[in-house]
Amino acid sequence: MAANGDFSFAGSNASVKNTTPNEKGRNGLAKIHTQKKKAEAGEVCHDDSGPTVKAQTIDELHSLQRKKSAPTTPITGTPKAAFGAALSEEERQKQQLQSISASLASLTRETGPKVVKGDPARKAETPKVSSHSHVTDPFHYAPTFSTSDSALKFTHILYNLSPAELYEQAIKYEKGSFLTASGALATLSGAKTGRSPRDKRVVKDETTTDELWWGKGSPNIEMDEHTFLVNRERAVDYLCSLDKVFVNDQFLNWDPNHRIKVRIVSARAYHSLFMHNMCIRPTPEELENFGTPDFTIYNAGQFPCNRYTHYMTSSTSIDLNLARREMVILGTQYAGEMKKGLFSVMHYLMPKRQILSLHSGCNMGKGGDVALFFGLSGTGKTTLSTDHNRYLIGDDEHCWSENGVSNIEGGCYAKCIDLSGEKEPDIWNAIKFGTVLENVVFEEHSRDVDYSDKSVTENTRAAYPIEYIPNAKIPCVGPHPKNVILLACDAFGVLPPVSKLNLAQTMYHFISGYTALVAGTEDGIKEPTATFSACFGAAFIMLHPTKYAAMLAEKMKKHGATGWLVNTGWSGGRYGSGNRIKLAYTRKIIDAIHSGILLEANYVKTEVFGLEIPTEVEGVPSEILNPVNTWSDKAAYKDTLLKLGGLFKKNFEVFASYKIGTDNKLTEEILAAGPNF
């Protein structure tokens with residue numbers, strides 16, 4: 001008890017005094033008087049009280065947490081809103097939702113669903129239907145005239161959500177979605193952990209019959225317009241039956257003069273976040289004036305196609321209709337189908353504008369010199385195009401226009417198998433909050449990812465925005481390339497570490513798209529297997545490969561670019577007897593190409609392939625530059641060289657009959673640039 005007779009509570013500003021009868025509280029208890037004491041000198045505690053919040057309810061308090069914003073790709077010098085009278089926020093939202101409703105319209109019923117914005121879990125009341133032409137309700141909808149049960153429900157549109165919002169949706173509603181220790185979102189893509197090329201089809205109509213590459217060697221499997229519409233109706237009906245769908249409005253191509261507006265409608269938060277990362281993210285002003293998309297994807301994910309439908313061979317179907325500018329995905333949740341489907345679209349649309357679409361990596365030196373890197377899986381395209389001394393323009397998809405090069409995408413899609421911070425520090429550090437990790441395995445308690453674990457699939461992937469790479473060039477554009485580097489991992493061990501190509505040779509090897517890997521090592525098979533993929537991306541090209549090759553040669557000639565063939569594979573013998581060329585040597589070769597020093601070297605010509613190889617490269621042993629020097633068994637070298645030359649010739653037979661130009665001169669030049677026995 002204190003000296004003055006008060007009961008004091010240590011550490012509190014409240015005190016209880018002796019009370020008089022009229023100061024009694026309820027039930028005869030003493031009233032408690034609260035008063036603030038003056039801070040005493042040297043007092044540790046302090047008063048951190050503040051004004052009370054303005055909210056009157058818990059819901060109102062929670063609403064104060066959230067400020068309106070839109071996720072964007074950081075772009076300097078962003079253009080302001082388009083010309084015309086500024087729309088009110090209400091009118092803009094109404095137009096936006098009517099546009100989405102039109103996208104989701106059933107072709108049979110000729111109507112779209114009633115669409116409202118926002119998560120149904122956060123809506124306490126059912127949206128009210130207004131009979132007035134001017135909609136005042138904040139949840140706008142597009143009226144329909146359907147008499148089915150679907151007329152009784154609304155489809156909620158989760159529009160261009162931020163990564164944080166999509167994390168919440170995925171973790172709460174999608175089984176197999178988890179937050180990893182690095183902050184990335186781990187997800188599962190279901191039964192399909194890779195693309196399904198045999199299930200990808202393109203509508204063959206009056207236009208595409210003549211324009212596209214069909215037949216042997218082509219990735220384009222035909223379907224008719226009617227079958228596409230059947231599958232579209234199935235996908236749209238499924239999406240409209242859901243309580244909510246995710247809609248992304250985004251861009252392709254960093255060149256503002258040739259930008260494509262795309263809309264992705266999907267059933268999963270994982271797919272929405274994946275495309276948020278992979279496409280170019282609009283600014284708030286660009287989103288306000290987005291308007292009608294140039295191309296739309298309907299991703300019904302796990303919902304299968306009807307196998308009794310004409311042309312269907314499985315429960316999966318990925319369908320492109322170039323006339324309607326639409327893509328439908330049924331029966332697969334693998335997100336890469338969307339990325340590569342749009343790449344196929346760009347392979348069709350861009351050449352119509354005399355722009356070359358390229359499956360390549362691209363970087364730029366500090367002096368403005370740009371290099372393109374082509375290569376199939378395992379050739380080192382990602383590793384060699386990622387250079388701390390150069391700016392990364394992009395890792396996979398590019399356009400070469402009259403303005404220079406531009407990245408098609410807003411992000412990177414990196415392989416994760418056996419990933420380590422030592423070997424790939426940039427990719428390792430990019431796997432953080434906002435990144436999607438597909439099909440990886442992680443430790444249950446710590447949530448640390450084990451990148452060596454192939455339990456789900458070997459094709460584990462990370463999708464992240466390109467600005468997560470420290471030396472990314474934003475905006476992702478650059479001047480005309482100076483060097484075009486074709487990468488091959490030659491497991492036969494007969495191609496030189498580096499060769500300088502003339503234009504005809506560049507076209508020949510570009511069309512061939514060669515690499516040789518060791519297939520089936522788990523079964524003890526050690527015979528190298530040659531792989532050819534036209535234009536280093538046959539699965540995605542739409543026109544005949546020679547058309548892309550002719551455009552490449554034309555641009556290289558016009559802008560003075562040099563072609564190079566770089567072997568990152570074996571030397572001194574084939575796989576099993578020789579050794580893989582050291583990465584340090586390949587990096588020295590690439591450095592010499594970038595600096596221009598290799599152009600000044602002395603060259604000799606090889607037999608069979610007729611390749612020009614330098615006699616010396618700084619930092620690289622001269623004896624390995626000519627592969628014949630590294631083989632102890634010269635006869636075995638010659639036999640293997642002839643075998644590889646025969647494989648090239650056999651692969652090229654499908655292209656040899658295709659005539660370019662009226663006189664066929666270009667075709668003859670390309671054929672002459674191949675192996676000569």
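Guide: Let's start with a word we'll need: two residues are in contact when they have heavy atoms within 4.5 Å of each other. This is a predicted model, where local features need pLDDT of at least 70, side-chain atom pairs count only at pLDDT 80 or more, and totals for chains, interfaces and linings use all residues. Residues are numbered from 1 along each chain as its sequence is written, and side-chain values use heavy atoms, with hydrogens and water left out.

Our serine is Ser-314, found in the loop between β12 (295-299) and β13 (317-321). Strands like these are DSSP runs of E, at least two residues long, while helices are runs of H or I of at least four, and both are numbered from the N terminus. If we skip its neighbours within four places in sequence, Ser-314 touches Asp-199, Cys-305 and Arg-307. With Asp-199 there is a polar contact, side chain to side chain, at 2.9 Å. That term means a pair of N or O atoms within 3.5 Å; within protein, one must be able to donate a hydrogen and the other to accept it, and residues adjacent in sequence count only if both atoms are side-chain atoms. The side chain of Ser-314 also reaches the backbone nitrogen of Thr-316, at 3.1 Å. Gly-331 is 17 residues away from Ser-314 in sequence, and their C-alpha atoms are 8.8 Å apart.

Most residues other than glycine have a negative phi, and most peptide bonds are trans. Gln-354 is exposed (over 50% relative accessible area; buried is under 20%, partly exposed in between, with a 1.4 Å probe and protein chains only), at 53%. Arg-447 has a positive phi too, about 65 degrees; its place is the loop between β23 (441-442) and β24 (449-450). Arg-447 is partly exposed, at 26%. As for peptide bonds, the one joining Ile-474 and Pro-475 is cis, with omega about -5 degrees. Pro-475 lies in the loop between β25 (461-465) and β26 (477-478).

Last stop, the cysteines. A disulfide here is a pair of cysteine sulfur atoms within 2.5 Å, and the count by that rule is 0. Cys-279 is buried, with a relative accessible area of 2%, and Cys-535 is buried as well, at 4%.
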